[in-house]
Amino acid sequence: MVKELQRAIDHHKHIQIIYLGQEGQTTMRTLRPLQVMGDRLKAYCLTRKAPRVFVIDNLLAVAPAVSSRAV
């Protein structure tokens with residue numbers, strides 16, 4: 001998973017994640033990943049419109065973000 005995150009950082013790609021929060025709730029978010037720091041991911045959360053730090057072990061799924069714009 002860290003390789004996927006680093007590739008998204010290197011190529012400036014947005015990702016979608018499913019994340020397990022501290023209280024056991026799951027959320028789907030769209031992120032602009034910025035940096036892998038040990039066991040954490042520093043990212044700008046487009047869903048919350050704020051910088052966030054995520055525990056990598058709590059990422060349940062990671063996928064490239066799907067653009068809503070027609071091609």
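Reader: Which residues does Ala63 touch, not counting residues up to four places away in sequence?

Author: Ala63 touches Ile15 and Gln16 when residues up to four places away in sequence are not counted; a contact means heavy atoms within 4.5 Å. The model is a predicted one, in which local features need pLDDT of at least 70 and side-chain atom pairs count only at pLDDT 80 or more, while totals for chains, interfaces and linings use all residues. Residues are numbered from 1 along each chain as its sequence is written, and side-chain values use heavy atoms, with hydrogens and water left out.

Reader: Why is Ala63 called partly exposed?

Author: Its relative accessibility is 34%. Buried means under 20% relative accessible area and exposed over 50%, with partly exposed in between (1.4 Å probe, protein chains only); Ala63 therefore counts as partly exposed. Ala63 has its place in strand E5, where strands (E, at least two residues) and helices (H or I, at least four) are DSSP runs numbered from the N terminus. From Ala63 to Leu46, 17 residues apart in sequence, the C-alpha distance is 15 Å.

Reader: What makes Ile56 count as buried?

Author: Ile56 has 9% relative accessibility and so counts as buried. This residue is found in the loop between strand E4 (50–55) and strand E5 (59–64). Beyond the residues up to four places away in sequence, Ile56 touches Met1, Val2, Leu5, Val36, Gly38, Asp39, Arg40 and Leu41. Leu41 is 15 residues from Ile56 along the chain, and their C-alpha atoms are separated by 6.2 Å.

Reader: How do you know that His12 is exposed?

Author: The relative accessible area of His12 is 71%, so His12 is exposed. His12 has its place in the loop between helix H1 (2–10) and E1. Pro33 lies 21 residues from His12 along the chain, with 7.9 Å between the C-alpha atoms.

Reader: How many aromatic pairs does the structure hold, and why is the pair of Tyr19 and Phe54 classed as it is?

Author: The structure holds one aromatic pair. The ring centres of Tyr19 and Phe54 are 5.0 Å apart and the planes stand at 80 degrees, so the pair is edge-to-face. Rings of Phe, Tyr and Trp (its six-membered ring) pair if their centres lie within 6.5 Å, and planes under 30 degrees apart count as stacked, over 60 as edge-to-face and the rest as tilted. Because Tyr19 lies in strand E1 (residues 15–20) and Phe54 in strand E4, the pair ties together parts that are 35 residues apart in sequence. Both Tyr19 and Phe54 are buried.

Reader: Which elements does the protein contain, and in what pattern?

Author: There are one helix and five strands, following the pattern α-β-β-β-β-β along the sequence. Among contacts between residues at least 6 apart in sequence, 40% join residues at least 24 apart.
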